[in-house]
Amino acid sequence: MEPDLRLVRELGEQLAPPTGALPADLRRRVLSAPVRAPRPRSWVSSRIWQTALVGAAAAAAIAAITGPVVITHSGDGRPPPATVDVVRLASERAAAVPAAIAWPDQFIYTESVVLYRTIDGRSTPPADDGPLLVREWRSVNGTHDGLVRERPRDQPAAAWRDATVAGCRDGYQSTAVPEWRVPCMPDLGSDGSLPVDVDAMLAYLRRSGTSDDQAFDNAARVLYVSQHASAVQAAVVAAIGRIPGITVRPGVVDAAGRPGVALAYRSRDAETELVFDASTYAYLGVNRTILRRTTPNQATEPASRILIRQAVEHVAIVDSIGSVR
Amino acid sequence: MGVDAESMRAARTDPDRFADLYDRYAAQLYHYAYQRVGAQTAEDVVADTFLAAFAQRDSYDPKRLDARPWLFGILTRKLARHFRAEKTHYRALLRTPAESAVDGHADRVAARVAASAVRAPLVAALGKLSAGDRDVLLLIAWCDFSYDEVARALDIPLGTVRSRLNRARRKVRAVLGDIDPTGEA
């Protein structure tokens, strides 16, 4: 197959359904006698109308999601802890973890449970995708090709879906087609430059702008990629506490069902909970709700409410892809 | 008479036999629709496709031994009615600031991408193709259709399949060439 068609095919593989399973309700919709009967014209029309009237639907959808988007609140009647306390405890916990030694040619292995839920406001039930078991090997110095594997967590016999994450070497990374290399930037933290001082970390989080949204987004990313680096973890948690608008959510649950307390932030586009263990304050993962999408032409449009929950269950420094301990 | 033609013939008098066709092709149709418009719309489009196929069972040409091109033709016409959803899908596939906060897994598509720098212009190029050119390109690249099967699915001459494919590939290559730092493509 020609290189351009191979890239189009590869894109298609990336966009394929994750499990290969058909929607549970599809067969009934198609094959049950009442459904096979001709549908009223008005039903069909209303669906077309729904997709055509993007502007109006957008307004309605925004209205529907402007209230608090509660992901995992349970509440136990106790007063929520103060933000400053959660930040302090989580930062102290991170600092107390022995630092892992990671050599440049090693990999950071992260195992997590990921759950996607799409709520589009229609009468149909939310569409769940997952829980997926995700295993990721990320090059410590960013130059080696990494790997992401995922499969349904409750289907141990299911085939893994693999995706190579091309390493960034000399400013370029390879693609599926050898002739095509593309410019790249080293992955976050792969050059060992993440700050361990709180002031420096806050400046780092605001390096691309002063907005609190961006600083929090950057912090969430740093928190994820630095789980092997306790000093960085301690600094970023402390820095999060200095971002205006951070709130505490007690009684949250992560994607693996573990109880936690969250440092939360809501921007115009998304609401994010960084979840910490309710007892030890160890970082557990993230719950995120996408509220709006920003398109490449900078226009914004409402998304279906997309809930993304990722629970980190294991992190290790390993010598090679495939190793988990 | 082929297996598919027999199923369609039998479904005229025994609607339950239509399940044979569903079982043979539902996964393929859903896979393709999911790729093009995402999960929610894909389910609707595939359901509508089979309902339309069932409604046309009396007029199914028994000489059409393989129903796959015919079903994908119906699916393509259904997808055309969801062109806005497809455009939105393509836009959503481009990495956005809202999705960059969490690790790549949060944006599942990005997590699968071997070279995201290629994906963005590729997705953008697909979104800018005419519907007819895109249908031909994706049936061939994503569904392994032959030119003849594409012609039958879309009810267009073989020459039109070739010209549409050439045009689509030319536009895709132009986009990829723009980002190719090696100049070797």
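The crossing of α7(A) and α9(A) in this predicted model is right-handed. Helix α7 spans residues 198–205 of chain A, and helix α9 spans residues 230–240 of chain A. Their axes lie 8 Å apart and meet at an angle of about 70 degrees. Angles of 65 to 115 degrees count as roughly perpendicular, so α7(A) and α9(A) are roughly perpendicular to each other. On the α7(A) side, the contact is made by V198(A), M201(A), L202(A) and L205(A). On the α9(A) side, A235(A), V236(A), A238(A) and A239(A) contribute. The contact of α7(A) with α9(A) comprises 8 nonpolar residues, with no polar and no charged ones.

A helix pair in chain B was also examined. Helix α8 (residues 131–143) of chain B and helix α9 (residues 147–154) of chain B have axes that come within 10 Å. These axes cross at roughly 135 degrees. α8(B) and α9(B) are therefore oblique to each other. Their crossing is right-handed. From α8(B), D135(B), V136(B), L139(B) and I140(B) meet V150(B), A153(B) and L154(B) of α9(B). This contact of α8(B) with α9(B) divides into 6 nonpolar residues, no polar and 1 charged.

Chain A also contains paired strands. Strand β3 (residues 146–152) of chain A pairs with β4(A) in the antiparallel sense, over 5 bridges. Within this pairing, G146(A) stands opposite V165(A) in β4(A). In a regular strand the side chains alternate between the two faces of the sheet. Strand β4 (residues 161–165) of chain A has a covered face formed by R161(A), A163(A) and V165(A). Its uncovered face carries D162(A) and T164(A).

Technical notes
Residues are numbered from 1 along each chain as its sequence is written. Chains are lettered from A and ligands numbered from 1 in the order in which they are written. This is a predicted model: local features need pLDDT of at least 70, side-chain atom pairs count only at pLDDT 80 or more; totals for chains, interfaces and linings use all residues. Axes are lines fitted to C-alpha atoms, for helices over the stretch in contact, and angles run from 0 to 180 degrees between N-to-C directions. Helices (H or I, at least four residues) and strands (E, at least two) are DSSP runs, numbered from the N terminus. Angles under 35 degrees count as roughly parallel, over 145 as roughly antiparallel, 65 to 115 as roughly perpendicular and the rest as oblique. A crossing is left-handed if the near helix is turned anticlockwise from the far one by less than a right angle, and right-handed if clockwise. Two residues are in contact if their C-beta atoms, placed from the backbone, lie within 7 Å. Ala, Val, Leu, Ile, Met, Phe, Trp, Tyr, Cys and Pro count as nonpolar, Asp, Glu, Lys and Arg as charged, and the others, Gly among them, as polar. A residue is buried if 20 or more other C-beta atoms lie within 10 Å of its own, exposed if 12 or fewer, and partly exposed in between; C-beta atoms are placed from the backbone. Two strands pair if DSSP finds at least two bridges between them.
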